[in-house]
Amino acid sequence: MSQYNIYISVPEYLDQWLRHDFWNPGLKRVEFERGSNCHAILSRFLRRRPPEYAEGDTTGLLPVEVPTFKGMNPDHHNFLTAEGEKALVSAIKRNFKALVDRELSCFYSRDVVITDIIYAFMASHGIEPTEKNWETIRQMFKRLRDKSIRSRVKIC
């Protein structure tokens with residue numbers, strides 16, 4: 001286990017979800033599971049810290065563990081490039097979308113009011129029930145549902 005963190009900026013709903021589902025309260029940071037796509041991205045894009053690099057203010061940013069990888073000492077490889085951060089945030093968004101699809105797909109073909117379903121989903125994953133968070137997840141749900149329905153319609 002490494003003592004180093006990287007700091008990333010993610011949308012509010014993702015920050016809250018990661019702090020709820022992946023947070024290590026003792027070390028006060030997000031820790032991704034070995035074998036996950038986020039872990040693989042970190043192994044690929046962590047680099048040696050440039051000599052001229054000075055860490056700025058990390059207030060409001062999400063701390064993420066710099067994992068230990070075979071052949072990569074976290075004392076030296078604890079810098080995430082801008083491209084690596086972009087790839088990591090993209091993977092986090094895909095993971096969240098997959099979670100929404102996995103947990104709410106049973107409601108795609110049902111005649112249900114999605115308001116309560118989305119609020120319940122948010123509560124179970126530590127996401128604050130703000131209108132902005134709800135609308136973001138509602139749009140994600142709608143797009144996934146529409147894509148699911150279109151894939152079932154056969155074009156002759």
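**Pockets and a buried Asn**

Q: Which residues lie nearest the centre of the largest pocket?
A: The lining of the largest pocket holds 15 residues. A pocket is an open set of 1 Å grid points where a 1.4 Å probe fits, with protein on both sides within 12 Å along at least five of seven lines; lining residues have an atom within 4 Å of a point. Nearest the centre lie Ile6, Tyr7, Tyr53, Glu55 and Leu80.

Q: What pLDDT do local features need in this predicted model?
A: Residues count from 1 along each chain as its sequence is written, and side-chain values use heavy atoms, without hydrogens and water. The model is predicted: totals for chains, interfaces and linings use all residues, side-chain atom pairs count only at pLDDT 80 or more, and local features need at least 70.

Q: Which strand gives the largest share of the lining of the largest pocket?
A: Strands S1 (5-8) and S6 (77-80) each supply at least two lining residues. Strands are DSSP E runs of at least two residues, helices H or I runs of at least four. The largest share is four residues, from S1.

Q: Is Asn5 buried or exposed?
A: Asn5 sits in strand S1. Its relative accessibility is 17%. The limit for buried is under 20%, and exposed means over 50%, so Asn5 is buried.

Definitions and conventions. Buried means under 20% relative accessible area, exposed over 50%, partly exposed in between (1.4 Å probe, protein chains only).
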